[in-house]
Amino acid sequence: MKPGSKAGTPAARAGTQGKIPDTSSRGRDQKNPKNHHANSAAAVVQQSTSGPRRSESSFWMPLINNLLKKSLVPVVIFCFSKNRCDKSADSMFGADLTSNSEKSEIRLFCDKAFSRLKGSDRNLPQVVGIQSLLRRGIGVHHAGLLPIVKEVVEMLFCRGVIKVLFSTETFAMGVNAPARTVVFDSLRKFDGKEHRKLLPGEYIQMAGRAGRRGLDNIGTVIVMCRDEIPEESDLKNLIVGKPTRLESQFRLTYTMILHLLRVEELKVEDMLKRSFAEFHAQKNLPEKEKLLLQMLCQPTKTIDCIKGEPTIEEYYEMALEAEAHRESITEAIMQLHSSQQFLTPGRLVVVKSKSDDDHLLGVIVKTPSAALKQYIILVLTGDCMSSAIVPSSSNQNEKESGDFKQGYFVIPKGKRGMEDEYFSSVSTRKSSGVINIKLPYKGDASGMGFEVRAIENKEIMSICTSKIKIDQVRLLEDPSQTVYSKTVQMLIKEQPDGNKYPAALDAIKDLKMKDMLLVENYHAYQRLLKKMSENKCHGCIKLKEHIALMKEQKKYKDQLNELKYQMSDEALQQMPEFQGRIDVLKEIHYIDSDLVVQLKGRVACEMNSGEELISTECLLENQLDDLEPEEAVAIMSALVFQQRNTSEPSLTPKLADARKRIYDTAIRLGNLQREFKVPVDPEEYARDHLKFGLVEVVYEWAKGTPFADICELTDVSEGLIVRTIVRLDETCREFRNAASIMGNSALYKKMETASNAIKRDIVFAASLYITGI
Amino acid sequence: MRVSSETRPNPSGFGHVLLGFLPFRTSALPLHATACYSGEGPAPLRAQCASSAYLCSRGPQRAGAMRDLQLSLNQTQRVRLEAALHELQSLAPAAAAAAAVTVADTIPVNDEDNILKGHGTSDQDGEVVATLCGVVERVNKLVYVRTLRARYKPEVGDIIVGRVIEIAPKRWRLEINFSQDAVLMLSSMSLPDGIQRRRTAVDELNMRSIFEENDVICAEVRGFQHDGSLHLQARSQKYGKLERGQLLIVPAYLVKRRKQHFHHLERYDVDLILGCNGFIWVGEHVVVGENTDKIEDKPALSSEVENFTPLETRKHICRLANAVRVLSALGFTLTVELIIETAEASVSSNVEINAMLGAEFFVHTAEAEAKRRADLLRKKSGAR
């Protein structure tokens with residue numbers, strides 16, 4: 001197959017008439033050495049997902065002819081893979097779109113441009129292949145091309161002599177070369193992870209290439225429909241859809257941290273703050289600052305204690321603690337089997353009131369059933385609606401529970417009516433468990449307000465020892481005023497003195513609480529209660545007021561702390577990762593405990609092209625020592641090469657050994673980073689940053705093998721090889737600088753030799769843009 | 001008269017003082033510093049003092065240009081000093097002392113792990129030999145000699161203080177105690193108007209209005225150019241001309257790289273800049289940043305008033321400067337804490353500013369430092 005292509009080369013070069021197409025396109029197709037029939041067959045196979053279709057040439061030709069007729073050329077056809085670009089271009093073997101004068105212009109230009117290449121490079125299949133295409137007015141442009149070829153195509157396209165250009169998305173990005181028409185080969189592309197639809201932003205970028213300023217009035221965009229017509233909604237979304245949200249691509253790297261650490265001027269935290277990732281959080285900062293200042297300026301209300309020394313803070317803390325204890329204890333008590341026995345209808349309980357500053361005495365009217373999972377309890381609300389004198393404390397009490405109060409004051413006298421309205425249908429059935437009153441049901445009897453509510457068992461504060469007789473049926477199913485007043489009176493009787501409750505069941509003795517922890521908790525709670533009662537504030541008439549004040553202050557303090565936190569560096573999104581990375585750097589002695597950059601850190605600062613930690617460790621472990629310059633540069637190629645899936649290179653034992661060493665280093669570093677909670681997977685880390693696909697190629701190149709031969713060694717496209725080697729020169733320079741920091745002249749010389757070895761021929765041919773044609 | 005500073009390396013960082021006092025030492029410490037000792041005969045009772053106070057233009061301190069520390073110790077002081085120095089010597093970590101090498105010393109290495117020879121090492125008949133005096137450092141496979149008393153060697157990001165010696169096209173040349181002059185380009189300097197723009201020919205002509213010859217300025221090391229010249233940058237409000245203060249020149253190795261080199265000592269209203277190159281600036285505090293604009297906006301305040309430094313501040317500057325002098329004469333690493341501590345000690349023991357350079361305070365400082373290090377060591381071992 002190679003001889004075939006080689007043989008085809010001179011023929012193509014000789015052919016002034018581009019109408020002899022077959023040999024030439026065969027020449028450039030060396031990477032995929034198939035003839036055209038094979039090509040179209042491959043195309044069919046490739047397209048088999050979207051159904052079989054006609055061969056490429058018959059597919060593109062009608063379109064091109066049509067465009068030519070309507071004078072809509074030049075046209076850029078966007079295909080989303082290098083392979084498809086090449087194949088499409090090759091399939092146009094019958095087409096000749098240029099006039100004779102254009103042909104000679106192209107020919108002259110190409111000869112001049114490629115004259116800077118050395119002998120064998122001039123006969124590279126790609127160089128020869130593209131010339132025959134160009135002469136017919138067809139161009140190809142993608143990342144796999146040699147830089148010089150790419151530049152020739154770009155320049156010729158800008159001159160307007162290329163009529164049809166098959167290109168990947170790259171052409172829409174860096175190069176300013178608009179066309180009259182843009183054609184989309186497909187509306188789906190593979191973005192390295194998945195096959196997906198084009199995004200609106202991408203579409204606009206590419207479609208925007210249609211129409212040349214000053215030349216065309218209208219640019220035309222054509223979307224090819226192969227076998228299936230795209231959905232209208234998809235198209236609409238594509239063309240006028242919302243652009244992709246901008247997302248921060250700010251990556252925290254070790255190099256960045258080290259560079260910032262060695263200057264006093266800027267803190268790393270400042271850098272993080274200024275990144276786009278933090279933009280939204282930081283945008284609100286001035287407002288927050290203002291708010292904070294405002295809050296700080298706000299005079300805090302002082303609590304003037306009437307009993308002299310204010311111990312309210314202490315009291316409040318104790319109350320909070322006691323509350324927490326109580327919650328855990330009651331919860332446990334309610335779970336206890338023994339307590340269930342006590343919670344029968346008629347049992348007196350103390351219930352937590354909604355306004356939380358006082359507790360209410362009540363009686364269980366109904367225990368939970370399958371239908372209603374709550375206790376129905378009749379509680380005394382403490383004050384009488386009809387009584388004129390309302391105690392100030394309880395007045396405040398009601399103010400806090402808004403809806404409660406409304407119902408309270410609006411309908412005091414209309415109670416009868418309400419009753420009639422709601423309870424006219426009196427059930428005659430006995431103890432059927434039906435509740436015929438609306439909960440909560442409020443009323444007053446014998447000078448005392450009462451309420452029937454449904455409560456969760458956690459609201460029950462304590463269970464009392466005493467029990468009263470109640471008429472469940474009359475209370476719930478057939479509400480009668482007399483029964484209520486009787487019950488209320490009984491309840492009042494149980495209250496020995498206005499505010500005190502009947503004796504509660506002892507959790508340990510009566511309820512047989514056994515859990516050690518709970519018992520301890522219970523004792524702590526009791527102690528706290530005792531302490532609270534000893535506190536001066538206990539029983540103070542202003543207690544409620546002060547407690548409310550305290551609550552407010554506490555809230556204010558919490559708010560203040562939250563604001564302060566948000567404004568501090570700790571709130572930065574990347575702060576945990578930053579801390580992790582700092583720890584890693586400390587661990588491997590790149591910086592000392594005072595964050596001063598050490599020698600290793602200074603070496604790492606030089607490493608910009610490859611992963612800094614791997615490069616530095618590789619250097620300091622002297623892994624390049626026993627390697628020849630060619631071998632060293634070959635191993636270094638792993639740091640800069642970026643394609644994932646390549647053919648496996650065949651390595652000399654020495655190189656294979658070196659490869660294993662550097663891979664192990666990467667794994668070690670990966671493990672270390674994971675230890676310090678940097679989100680890194682060792683295997684992936686090593687694989688991401690070390691790609692050995694071009695080791696053999698670079699080794700051969702550094703030894704002086706011609707470019708045409710090294711291309712045979714791999715399936716990586718020529719353009720990528722060139723790019724990698726150019727970057728490799730940069731890496732050599734960095735390693736050289738690192739060697740001078742360490743003071744090792746041998747390594748310095750080795751890197752210089754390596755750099756000279758790879759700096760030759762087509763790889764380092766000067767750009768046409770810079771030198772001019 | 002100076003004892004050669006490139007003598008025996010001493011990891012504890014004060015060995016040269018011992019040398020300075022060689023004549024009245026009895027026979028303590030074994031000294032095999034023969035190779036490069038080029039002292040001009042026995043030194044009389046005179047401490048080597050590398051620090052010299054420079055006259056700063058427009059500064060309030062019109063001190064003499066050079067001033068060496070002259071000391072005459074009486075018998076008691078001599079004994080006390082010797083004891084203190086001896087203690088300091090014994091406190092030095094033994095490991096560091098063991099790693100110290102002089103020129104031509106063989107550095108022991110394990111042949112199996114192929115080592116990477118760094119600075120100050122050379123291969124001689126298959127042995128690794130030191131070509132510098134210093135301490136052997138090992139980082140992974142790298143073996144190099146860290147010099148203890150070499151000339152200043154710049155690193156990127158260092159903060160340095162330097163003196164303008166020449167104005168060349170688009171650049172100033174600065175003396176920074178390096179083997180060559182540093183270059184500060186006009187383009188790597190924020191202009192007084194604070195606008196980011198291209199530098200024009202007019203700017204070039206006005207360069208003298210920014211810095212003149214003999215101005216003392218503060219800048220940061222930007223890096224080495226391809227031709228090997230050292231470039232500085234001063235793209236920040238805090239860099240720039242230093243006025244109204246004293247420049248002290250101490251050996252560069254006494255200043256260690258730290259996170260902070262700019263220090264504002266609020267208690268004294270004094271700025272202290274510890275340049276990595278051994279140039280130390282003690283001067284009146286200047287407000288940097290946005291506040292300067294506000295001050296400029298303020299009208300009035302005649303230049304006389306503006307240039308006036310209160311006597312109190314001047315005294316503080318002198319006191320701190322003298323503290324630096326004493327410490328550098330003793331060869332202690334200069335940290336801001338130590339400088340403040342020394343200045344405080346002089347205040348608390350009622351030592352006049354000029355008496356700070358006298359024998360008594362000198363001995364006192366040495367003793368204090370010996371005590372401090374002993375405490376530190378004890379605390380450390382206690383923690384263990």
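Chain A and chain B bury about 2,100 Å² between them, with 47% of that area on carbon and sulfur atoms; buried area here is the accessible area (1.4 Å probe) that two parts lose on being put together, summed over both. The model is a predicted one, in which local features need pLDDT of at least 70 and side-chain atom pairs count only at pLDDT 80 or more, while totals for chains, interfaces and linings use all residues. Residues are numbered from 1 along each chain as its sequence is written, chains are lettered from A and ligands numbered from 1 in the order in which they are written, and side-chain values use heavy atoms, leaving out hydrogens and water.

On the side of chain A, Glu264(A), Glu265(A) and Asn622(A) lose the most area to chain B, together 30% of what that side buries. The contact (heavy atoms within 4.5 Å) takes 22 residues from chain A and 25 residues from chain B. One salt bridge is found across this interface, a salt bridge being a side-chain nitrogen of Lys or Arg within 4 Å of a carboxyl oxygen of Asp or Glu. Its partners are Arg602(A) and Glu155(B), whose closest N and O atoms are 2.9 Å apart. Helix H27 (599-606), H28 and H34 of chain A each supply at least two residues of the side that touches chain B. That side of chain A divides into nine nonpolar, four polar and nine charged residues. In this grouping, Ala, Val, Leu, Ile, Met, Phe, Trp, Tyr, Cys and Pro count as nonpolar, Asp, Glu, Lys and Arg as charged, and the others, Gly among them, as polar.

Turning to chain A itself, there are 36 helices and 13 strands; these are DSSP runs numbered from the N terminus, helices being H or I with at least four residues and strands E with at least two. Of the 773 residues in chain A, 48% are buried, where buried means under 20% relative accessible area, exposed over 50% and partly exposed in between (1.4 Å probe, protein chains only).

Eleven of the twelve residues of H29(A) are buried, among them Pro629(A), Glu631(A) and Met636(A). The cover over these buried residues includes helix H30 (653-675), helix H31 (682-689) and helix H28 (612-620) of chain A.

Salt bridges also join parts within a chain, and the structure holds 33 of them over all chains. The side chains of Arg668(A) and Glu617(A) meet in one, at 3.4 Å from N to O. This pair links helix H30 to helix H28 of chain A, 51 residues apart. Arg668(A) is partly exposed, at 40% relative accessible area, whereas Glu617(A) is buried, at 2%. Arg661(A) pairs with Asp626(A), again with the closest N and O atoms 3.4 Å apart. Here helix H30 is linked to the loop between H28 and H29 of chain A, 35 residues apart. Arg661(A) is partly exposed at 25% relative accessibility, and Asp626(A) is partly exposed at 35%.
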